[in-house]
Amino acid sequence: MNTNTEKKKPTRFLMGKVGLDGHTRGVKDIARLLRDNGFDVIYSGLRNSPLQIVNTAIQEDVSAIGLSFLSGAHLSLTKEVMVLLKEKFADDILVFCGGTIPPGDIILLKGMGVAEVFSTGTSHKVIIEKITAFLGEKSDESE
Amino acid sequence: MRVSKGVSGLIQEVCSGSVNSFRSAGRLMSVAEDSFERTIEILCALEGKKKARIVLGITGAPGSGKSLLTGRLVSEFRARYPERMVGIIAVDPSSPFSGGAILGDRVRMMEHANDPKVFIRSLATHGQVGGVTEGTRAIVAIMGALGCDVVLVETVGVGQMEFAVRDVADAVAIILAPGQGDTIQFLKAGLMEIGDLFVVNKSDHPDAAQFHAQLVHSLYSHYSEIRPVLQTSARDNTGIGNFVDVIEGMHAKNFEQWKALRQERLRGAIKKAVLFHAEKRLKSAFSELVVSEVLSGRSSVSKAADELIYSIP
């Protein structure tokens, strides 16, 4: 995709929290992890609505969105994000979820089109490897 | 409806105001950031298109309240002209180690995320100093073509020597907060010279009145041209209306001059891009042998330069 010979710009990645949940340790930790691995992280903060997330992703032209949850509302809120992305012709943007997510819900999230789910306890190494692999596949497709 | 892949298709979609225009604008901004060449290509292609009426630079030290104040200005402009669009470019620093960045200015502006007449774009500095990036100029133009009436360019938190925002904005507002130095700081060269207006934010702070008085006194005694010094509190949402009044007053008074300045800067950017490319080609043609030739006295610097230039096909 990037045909010019100059140094490639960092991948843009939106990190945020949707719904009524004020726990930022996880989202900030992952934002920092991505920053330290050369990503441009757009941090949208707390208590975003699904529409705010999708509008932000479009204006910022991100390659991926990371949603962090502790509230238990991950199924309904992620569903809404996925629907809005599709409505706005932006479902080529990858979505990752993370946080306190029961194992049984992982398959449901993936069924909605979420690329990967990182539950609590996943190591930084695994997170970066998986994200990088998914983004690599994505840019191959758009070649 | 997918967005186009090529620059000309994207430009068409941005200007058409179609359902996809925001997506296309976002994509085009990434292309503009890709390389100097692309920045100029997009700038030239947008020359005949709609342009923003006002491009205001907002700069100042980290933590002065630039982002929150920018968010307040957006609210004020949107309330005054409900039918007009506002664009915001917010720049944050890249890591010198990983090259990555946390772009967090948006957090202070999320109330505007769902406003269909507001477009916010965060940028990382990617190693460029000066407070804004090369791509910023093209992104201002893209926002203009999208229909933005006002574009606010918020720089990274700056020190005394970063004033590249001056090259992309019609006017620059310097945001200060009480506690940021005394009259000696105001006397120094650099940042303080480039402000078209000054804003003492955090005016709810007990030291704000004294700080404001010192700043006014310094500016009035050292500069012949009188520049406004305003007081705001982004937190309490005070002084914002007056801020916008002053910006509008400047536009009414200077818009002809701004127009000429924009033209001059575009020409300057093209010149810089051409020279940048020429230098790149010269560098790739350069051979270390030349150094030995000059060192041994078999050639001179100017002769070696001639040979290098003529060696490029």
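**Notes on the model**

1. A:I42 stands opposite B:L103 in β3(B). This pair belongs to a strand pairing across the two chains: β2(A) and strand β3 (residues 101-103) of chain B run parallel and are joined by three bridges. The model is a predicted one, and the points below should be read as descriptions of that prediction.

2. The contact between the chains draws on 29 residues of chain A and 31 residues of chain B. On the side of chain A that touches chain B, α1 (25-36), β2 (40-43) and α2 (50-59) each supply at least two residues. The largest share of that side comes from α2(A), with six residues. Sorted by class, the side of chain A that touches chain B holds eleven nonpolar, ten polar and eight charged residues.

3. Is strand β4 (residues 94-99) of chain A enclosed or open? Six of its six residues are buried, so β4(A) is largely enclosed by the rest of the structure. The cut-off behind this is 20 or more other C-beta atoms within 10 Å of the residue's own. The burial applies to both faces of β4(A): A:L94, A:F96 and A:G98 are buried on one side, and A:V95, A:C97 and A:G99 on the other.

4. One strand that pairs with β4(A) is β3 (residues 64-69) of chain A, which runs parallel to β4(A) and is joined to it by six bridges. Within this pairing, A:A64 has A:L94 as its bridge partner. The chain passes from β3(A) to β4(A) through helix α3 (residues 74-87) of chain A, in a right-handed β-α-β crossover.

5. β4(A) also pairs with strand β5 (residues 116-119) of chain A, again in the parallel sense, over four bridges. Here A:C97 has A:V117 in β5(A) as its bridge partner.

6. In chain B, strand β1 (residues 54-60) is mostly covered, with seven of its seven residues buried. Which residues of β1(B) lie on each face? B:I54, B:L56, B:I58 and B:G60 are on one side, B:V55, B:G57 and B:T59 are on the other, and all are buried.

7. β1(B) has a parallel pairing with strand β5 (residues 148-154) of chain B, made over five bridges. In that pairing B:G57 has B:V153 as its bridge partner. Five bridges also join β1(B) to strand β6 (residues 171-176) of chain B, with the strands parallel. There the bridge partner of B:T59 is B:I174 in β6(B).

8. The domain assignment divides chain B into domain 1 (49-255) and domain 2 (270-310). The C-alpha centres of these two domains of chain B lie 42 Å apart.

9. Is B:G6 buried or exposed? B:G6 has 9 C-beta neighbours inside 10 Å, and therefore counts as exposed, the cut-off for that class being 12 or fewer. B:G6 is located in the segment before α1 (7-16) of chain B. Its C-alpha atom is separated by 28 Å from that of B:N114, which is 108 residues away along the chain.

How values were computed:
Residues are numbered from 1 along each chain as its sequence is written. Chains are lettered from A and ligands numbered from 1 in the order in which they are written. This is a predicted model: local features need pLDDT of at least 70, side-chain atom pairs count only at pLDDT 80 or more; totals for chains, interfaces and linings use all residues. Two strands pair if DSSP finds at least two bridges between them. A crossover is right-handed if, with the strands pointing away from the viewer, the path from the first strand over the helix to the second runs clockwise. Domain bounds come from an automatic or database domain assignment. Two residues are in contact if their C-beta atoms, placed from the backbone, lie within 7 Å. Ala, Val, Leu, Ile, Met, Phe, Trp, Tyr, Cys and Pro count as nonpolar, Asp, Glu, Lys and Arg as charged, and the others, Gly among them, as polar.
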